[in-house]
Amino acid sequence: ISKKLGNKYFLKFLEMIFKFINIRYLYLIDDRREVNVFSKLSRVNKLKVLIYMHGKFSYKSKKLSKLFFNKYLVWSNFFKKQLLLMNKNYKKENIIVVGNPILKGKFFNRKSKKYIKIKRCLILDEDYISFYEIKHFLENISKYKNVQFYYKKKVTRELSRKFESFCSHNNFRIISCNDRMEKIIKKFKINSIVASTSTGLLEAPYYNTVPIKFISKDDNRENEFDVFVKEHFVYTAKDKTKFSNLIQKKYSANKIKIKKTKLWGNKKFEYKNVRKVIDEFTKI
């Protein structure tokens, strides 16, 4: 319907369906591909809307800046502030911090050290990044034999033969499992995470690991992620020389801890608390 008649008629079609089956409450994740359509639908049909945060965002995330909602459940106070900066009409009492469900457990504590020296580095695969875009970064660090590099492949796509060949002939081990970050970090004793704009970079401080960011060619993603760069949540490499230097330097463990606290706060995800919010929502 959307392809043949356009989005306007598709929205009208949904309005009729929702009215016919008497939908009154709508629960959404903030998937930017779909959330705006359902937000418009909710305004027209006067639905009560609860949105759940499922991915990172900043106040520069334009696709989330005009949403209609009664409650928005977010991971931390930092993201709550980003929402309020995004749209002055958003009300702080409608935004509830519930913690991140992936980061809900107590992570293992490394031996108390003042500094972290990178020994095992995890590089994250990202859909919009090609091998050729990061090849010069990887070639430059492959000479460091004192660091074991791991490349976490996304299960949703295949790596090129050239990239696999590069990894096998250099100091890179491909990880193709679908395990969560926590399990991978524990298993391989990772102490640094490398990516361009992945949420994994923001999770890194929670796991007491060093987040190193390289610059991609995706201007929209870079612009949105710039907030995290300016807040000093990540260490940024603008060229291959800077990238190499970041791999080799020592990092203050206390500064990593500060990043963790500032970004994630102390709110831990608890199912019963979220269940309570959902149950009370249907009484609005």
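A: We can begin with a sheet. Strands β1, β2, β3 and β4 form an open sheet in that order, with parallel pairing. Its edge strands are β1 (25-29) and β4 (95-97), since each pairs on one side only. The twist averages 20° from one strand to the next; angles are taken between N-to-C directions, from 0 to 180 degrees, with axes fitted to C-alpha atoms (for helices, over the stretch in contact). Strands (E, at least two residues) and helices (H or I, at least four) are DSSP runs numbered from the N terminus. The model is predicted, so local features need pLDDT of at least 70 and side-chain atom pairs count only at pLDDT 80 or more, while totals for chains, interfaces and linings use all residues. Residues are numbered from 1 along each chain as its sequence is written, and side-chain values use heavy atoms, without hydrogens and water.

Q: What is the order of the strands in the six-stranded sheet?
A: The order is β8-β7-β6-β9-β10-β11, and the pairing is parallel. Its edge strands are β8 (172-175) and β11 (235-237). Helix α10 (residues 240-248) lies across β6, β7, β9, β10 (210-214) and β11, at about 145° to β11.

Q: Is phenylalanine 131 buried or exposed?
A: Buried means under 20% relative accessible area, exposed over 50% and partly exposed in between (1.4 Å probe, protein chains only). Phenylalanine 131 has 9%, so it is buried. Tyrosine 132 has 54%, so it is exposed.

Q: Why is the pair of phenylalanine 131 and tyrosine 132 called tilted?
A: A pair of aromatic rings is described by the distance of the centres and the angle of the planes. Rings of Phe, Tyr and Trp (its six-membered ring) pair if their centres lie within 6.5 Å; planes under 30 degrees apart count as stacked, over 60 as edge-to-face and the rest as tilted. Phenylalanine 131 and tyrosine 132 have 5.6 Å between centres and 50° between planes, which makes the pair tilted. Phenylalanine 228 and phenylalanine 233 have centres 6.5 Å apart and planes at 45°, so that pair is also tilted.

Q: What makes lysine 250 sit over the ring of tyrosine 115?
A: A charge sits over a ring if NZ of Lys or CZ of Arg is within 6 Å of the ring centre and within 35 degrees of the ring normal. The charged end of lysine 250 is 4.9 Å from the centre of the tyrosine 115 ring and sits over it. Lysine 260 lies over the face of tyrosine 206, also at 4.9 Å from the ring centre.

Definitions and conventions. Pairing = 2+ DSSP bridges. Contact = heavy atoms within 4.5 Å.
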